Amino acid sequence: MQADWNAVPVAALGPDWLENDFRQSVVELLETQATVAWMLVDSDDEGSFLLNQIYSVAACLGRKSDSFYLTSPDPIPGWIELIGDSEESGDLFEVGQAEVILVHGTPATPVWFWREQLPLLRAIIRSLDGILVLPVRRENWDVMRELCEGDHVLEIPSLEQAQAKVVEELCCNLVCDVFPELLDGPGVDRDDVRRRVVRSIREGRPQSRQTIRIWLEMYHEKITREEYIDLPSAIAAEPPPPAMLADRLCVPIVSRQELSQRFQASLSRVENAVARAKQTIGREILWNMHPMNSPFDSPDPKHWFDSVVSYLSCVVFDAGDHGLNSLLDFSYDASRNDVKGEPLTSFGGTLRVLRTTAQHGLNPRRTKDVEKLTAAKDWFDGVVGVPVPRKDHWRVLTLALIELWESQVSGFETLITKLPVCPSKAAVLVKIDKDAKLPPRVNVAQAFEDVVQELGLTLDAQELCDRYFEDCKNQLKNACVLPREWDSRLKGIAEEFVLSHIAKCPVDGRWLIDNGVPSGPDLGKFHARFCKTWAESAGITSDEFLEDCKNTIRAELGDEEAM
């Protein structure tokens with residue numbers, strides 16, 4: 001049981017405790033008739049380290065052990081594999097002659113799971129005639145105590161029970177581990193810096209060694225993000241404990257029942273908001289769907305996620321008409337007491353991406369399809385830290401999607417409540433009216449004509465109108481302006497397209513190669529020259545310009561080289 005004590009993820013106890021007290025506790029455990037033994041720990045790392053020490057002690061005593069590993073952030077799928085279900089037995093039944101069964105990763109197991117499954121787990125272990133050793137978070141023990149009555153408990157002293165000198169040494173070692181450069185600067189009073197930092201950490205009253213490390217990692221990440229210059233200034237500005245960064249907050253492991261209840265409650269809220277919206281909008285924007293199966297009928301979290309995506313897509317994109325979809329693009333701005341043309345959340349775009357990537361055969365060689373696949377991977381990565389989720393991620397992903405949906409529902413309720421008295425009400429109603437008449441084509445052509453004349457260009461306004469008509473119409477439709485403002489807004493849109501058209505030369509490297517320009521210096525020279533000519537050209541179509549370019553290439557390179 002020898003170890004580098006600075007690397008041991010256990011509270012500040014000292015190697016003597018590990019060699020003597022803990023070893024004796026394990027020997028006593030193996031001599032009992034206990035079915036389940038609990039270890040009160042502060043982190044997964046601490047639990048796994050101590051389980052490995054139990055394995056070593058048992059081996060020295062000739063007692064066979066078997067280890068199982070649950071994965072984070074959601075250990076429940078791992079437990080289901082261990083315990084089994086109505087169709088097949090779990091992995092625990094394969095332990096053979098093992099007398100000690102060690103399960104790593106259990107501290108993350110929520111209390112609600114123990115309430116549901118602990119009686120079955122005890123029955124399985126009794127049938128195997130073994131001892132099940134389970135680390136549990138110290139912070140959960142007050143709630144767990146009555147569930148574990150009669151079980152064996154391995155006493156693991158907490159950090160609060162350690163001597164002040166030991167805690168101080170631990171803090172110092174961890175500071176030097178996370179900030180190895182802290183004491184290396186010129187003119188640095190090492191003892192003073194170390195003393196001030198350690199004192200500040202101890203004043204924060206950390207509950208575990210893991211807590212200290214998390215605090216230091218938070219400071220390190222904030223310094224990396226240039227929120228602070230160094231550790232002393234960070235601690236001075238934000239004494240321990242530091243505010244946790246959003247991407248490091250622990251996501252609770254919620255039960256299937258809680259997810260189902262929250263999902264159904266959000267649907268009821270939408271129905272009530274839609275009923276109130278009818279008074280303002282004058283029509284139904286969500287029809288009554290036929291009854292659908294609950295996404296949570298299956299015990300599989302992957303099924304929950306896929307079904308929630310499908311269910312919400314049916315609500316928003318199928319049962320919801322143009323008006324409901326359009327309202328997702330608005331939110332209420334309390335500072336202006338008015339509606340603004342910005343979505344409150346990313347829910348609409350996220351749901352479309354998740355639905356499309358899951359239910360459509362996307363081509364990984366098409367740019368648009370790649371963009372959708374990348375967007376889905378980015379969302380997964382933002383929630384669980386990897387672009388391709390594992391089986392233990394789907395519960396967390398389902399919760400994240402429901403929370404995003406709940407935020408959208410809250411914003412929708414506020415919008416429906418405030419819309420009747422908002423100054424922009426009329427403009428919003430025009431945008432969500434799918435039958436609203438947009439300006440005819442002649443107005444669009446006139447807008448391009450006006451822009452071309454005002455800019456002093458000789459471009460063909462009608463050709464520009466033909467090329468950008470649909471884009472202009474879509475931009476105007478999404479602009480959220482009243483009909484009386486259409487002409488002025490349309491002119492601004494036309495100007496944007498005209499300027500973009502002037503800047504975008506139709507000649508690129510591939511076109512040049514296809515038309516006989518060899519790779520090398522000539523390719524770059526021709527491209528730069530044609531782009532300059534295009535920007536200065538007026539009253540010429542793309543086809544005419546490309547024909548002129550071909551003639552120039554033939555004239556300068558010769559007919560034999562230019563194809």
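1. How do the residues of the lining of the second largest pocket divide into nonpolar, polar and charged? In this predicted model, the lining comprises twelve nonpolar, six polar and nine charged residues.

2. The volume of the second largest pocket is about 680 Å³. Its lining consists of 27 residues. Those lying nearest the centre of the pocket are Ile76, Ile80, Gly84, Asp85 and Pro299.

3. At least two lining residues are supplied by each of helix H3 (76-83), helix H4 (111-128), helix H10 (256-281), helix H11 (301-319) and H15. Helix H3 provides the largest share of the lining, namely six residues.

4. As a general point, rolling a probe the size of a water molecule over the atoms shows where empty space is left. In this structure, the count comes to five cavities of 30 Å³ or more. The largest cavity holds about 80 Å³ of space.

5. Which residues line the largest cavity? They are Val270, Val315, Val316, Leu324, Leu328, Trp405, Gln408, Val409 and Phe412. The elements that give two or more residues to this lining are H11 and H15. The largest share, four residues, comes from H15. By class, the lining of the largest cavity has eight nonpolar residues, one polar residue and no charged residue.

6. Helix H15 also takes part in a helix pair. Helix H13 (residues 347-359) and helix H15 (residues 394-418) have axes that come within 10 Å and cross at roughly 140°. An angle over 145 degrees would count as roughly antiparallel, and 65 to 115 as roughly perpendicular; H13 and H15 are therefore oblique to each other. The crossing in which H13 passes H15 is left-handed.

7. Which residues bring these two helices together? On the H13 side, Phe347, Thr350 and Leu354 take part, and they meet Leu401, Leu404, Trp405 and Gln408 in H15. By class, this contact has five nonpolar residues, two polar residues and no charged residues.

Note on methods: Residues numbered from 1 in each chain as written. Predicted model: local features only at pLDDT ≥ 70, side-chain atom pairs only at ≥ 80, totals over all residues. Heavy atoms only, no water. Axes fitted to C-alpha atoms, helices over the stretch in contact; angles between N-to-C directions. Parallel < 35°, antiparallel > 145°, perpendicular 65-115°, else oblique. Left-handed = near helix turned anticlockwise from the far one by under 90°. Contact = heavy atoms within 4.5 Å. Nonpolar A, V, L, I, M, F, W, Y, C, P; charged D, E, K, R; others polar. 1 Å grid on protein atoms, 1.4 Å probe; cavity = no way out; pocket = protein on both sides within 12 Å on 5 of 7 lines; lining within 4 Å. Points joined across faces, edges and corners; volume = space filled by probe spheres on them.
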